[in-house]
Amino acid sequence: MDAQTVKSIKKKIRYESERTAPPEGFPKFHDIPKERYTSDEFHELELEHVFGKSWLIAGRVEDIPNPGDYFTFKKLKEPMIIVRGADGEIRCFYNTCQHRGAPVVREECGSARRLRCQYHSWTYDITDGTLVALPDERDFVDLDKTERSLPRISCDTFAGFIFINKDLNAVPLLEYLGDATQMLEPLNCETLREVYRRSIVIPCNWKVTAEAFLEVYHFRHIHSNKDGFSVLNSNQAAMGLYPNGHSRQVCGYSNQQFRNHGMESWDDWKPLDNGPFAMIETENQEFLDMVDCTSTAVSYFPNYILPLGTIGFPVLLFWPMGTGKTLLEWSYYAPKDWEGDEMPTHWKKRSEQFDQIMDEDKFNMAPMQESLESPALTGIPINYQERRIWHLHEQIDHLIGEEHIPEELRIEKLLSPYIES
Ligand code: FES
Ligand SMILES: [Fe+2]
């Protein structure tokens with residue numbers, strides 16, 4: 001992100017704090033039909049067309065540094081394996097033996113010269129997944145080994161993350177992410193390492209979890225400290241809608257918070273003192289100062305959100321496990337400047353603070369799902385500063401295709417004029 005864009009975001013924040021209503025001509029949203037969160041039929045459509053056609057984060061490049069290193073991936077219905085080939089490239093295959101369907105690899109991670117099914121020992125090449133050997137080949141009549149390779153899934157990397165896409169004809173990853181890559185490029189993500197990881201299963205639809213991180217309308221109400229002090233001023237949330245359902249948000253600090261940080265005003269963006277924490281190194285100081293002096297977050301469609309930070313940041317992932325069941329994961333990445341698994345005290349404290357915020361967010365999720373299933377809630381009215389949620393839903397419908405969605409469950413296309421090109 002260039003200095004000019006950072007400047008324009010600052011201007012947008014000022015605009016947001018001064019406006020007395022949504023911008024002239026901004027559309028009125030109809031209620032989001034609540035069945036989009038409760039219908040099994042709609043959920044199946046999402047699995048097929050959204051999770052089946054989008055680039056999804058499956059892991060990190062440093063988890064498989066050497067040829068033959070692999071890990072299995074079970075977040076989607078079909079088991080998969082991600083492996084670094086002899087040529088150093090990372091690829092993804094279905095973890096399904098082409099003999100009788102046993103898993104080719106059973107361990108969560110490991111290293112192998114070849115991928116050998118433990119049932120009858122059919123053996124596959126780590127680089128292209130071809131079937132290279134099988135016992136008693138003479139007993140199969142006319143077996144054509146070239147037709148029995150492990151089926152591939154699209155796989156690519158960006159910012160140190162490994163992405164997969166079940167759609168073999170998907171647009172390339174960088175094209176899919178588009179300008180939303182600007183939010184990660186300055187942060188040297190390839191050099192960051194996982195500091196800690198958490199995961200919980202919540203009895204609610206995956207969108208209930210994702211949407212909790214797409215607005216700050218709720219922030220001062222559930223994230224204020226005991227003295228009623230909120231870190232953010234949610235009237236200063238400047239949002240950007242990218243194509244393909246991605247979006248960003250930059251929100252100014254509250255008066256108390258910017259003073260705590262030694263800033264003169266909310267827009268006094270400058271390098272802050274982050275105490276004992278190692279800072280992310282960057283060439284793009286303007287961007288880093290913005291991240292330091294605001295709450296800056298980027299969300300990538302459909303299911304990963306990164307609330308950015310200059311000392312590192314978490315990646316939040318929302319995996320559907322059923323219509324009303326979601327696996328919520330968060331992994332914190334940072335310029336790790338210590339050896340071993342034991343976190344230094346300042347990081348322990350940091351992780352506790354972040355887990356506390358996540359607790360406050362997840363507190364509502366299961367009860368909200370109960371209400372979505374109750375006749376008491378008829379629909380979901382959302383407002384201008386919740387528009388990133390609408391943007392998510394529009395992209396869901398775009399991928400599913402309007403003709404596949406029952407009319408009463410559709411979302412009107414309203415935000416096209418507001419999408420940055
Ligand atoms: S199922 Fe894999 S070798 Fe038979
Ligand atoms: Fe929150």
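Select Asn188, which lies in the loop between helix H3 (173-177) and strand S11; helices (H or I, at least four residues) and strands (E, at least two) are DSSP runs numbered from the N terminus. The model is predicted: local features need pLDDT of at least 70, side-chain atom pairs count only at pLDDT 80 or more, and totals for chains, interfaces and linings use all residues. Residues are numbered from 1 along each chain as its sequence is written, while chains are lettered from A and ligands numbered from 1 in the order in which they are written.

Remain on Asn188 and inspect its backbone: phi is positive, about 50°, although the residue is not a glycine. Most residues other than glycine have a negative phi, and most peptide bonds are trans. Asn188 counts as partly exposed because it has 16 C-beta neighbours inside 10 Å. On this scale, a residue is buried if 20 or more other C-beta atoms lie within 10 Å of its own, exposed if 12 or fewer, and partly exposed in between, with C-beta atoms placed from the backbone.

Next, select Pro186, in the loop between H3 and S11. Pro186 is buried, with 21 other C-beta atoms within 10 Å. Leaving aside residues up to four places away in sequence, Pro186 touches Met1, Thr282, Asn284, Phe287 and Leu288; contact requires C-beta atoms, placed from the backbone, to lie within 7 Å.

Move to Ala159, in the loop between strand S9 (152-158) and strand S10 (161-165). Its phi is near 55°, a positive value in a residue other than glycine. Ala159 counts as buried, with 20 C-beta neighbours inside 10 Å.

Then select Pro302, in the loop between strand S14 (294-300) and strand S15 (304-307). The peptide bond from Phe301 to Pro302 is cis, with omega near 0°.

**Helices H2 and H10**

Display helix H2 (residues 40-50) together with helix H10 (residues 387-400); their axes are 9 Å apart and the packing angle is about 75°. Axes are lines fitted to C-alpha atoms, for helices over the stretch in contact, and angles run from 0 to 180 degrees between N-to-C directions. H2 and H10 are therefore roughly perpendicular to each other, a class that covers 65 to 115 degrees (under 35 is roughly parallel, over 145 roughly antiparallel, the rest oblique).

At the contact, Leu45, Glu46, His49 and Val50 of H2 meet Ile396, Leu399 and Ile400 of H10.

Within H2, colour the buried residues Phe42, Leu45, Glu46 and Val50. Viewed down the axis of H2, they fall within an arc of 100°, so they line one face of the helix; the arc is that of the directions from the helix axis to the C-beta atoms. The buried residues of H2 pack against H10. Turn to the other side of H2, where Asp40, Glu41 and Glu44 are exposed.

**The two domains**

Finally, colour by domain: domain 1 (3-52 + 188-418) and domain 2 (56-165), with bounds from an automatic or database domain assignment. Their centres, taken over C-alpha atoms, are separated by 34 Å. Contact involves 12 residues of domain 1 and nine residues of domain 2. On the domain 1 side, strand S11 (193-202) and strand S16 (313-322) are the elements that give two or more residues. S16 provides the largest share of that side, three residues.

Technical notes: Two residues are in contact if their C-beta atoms, placed from the backbone, lie within 7 Å.
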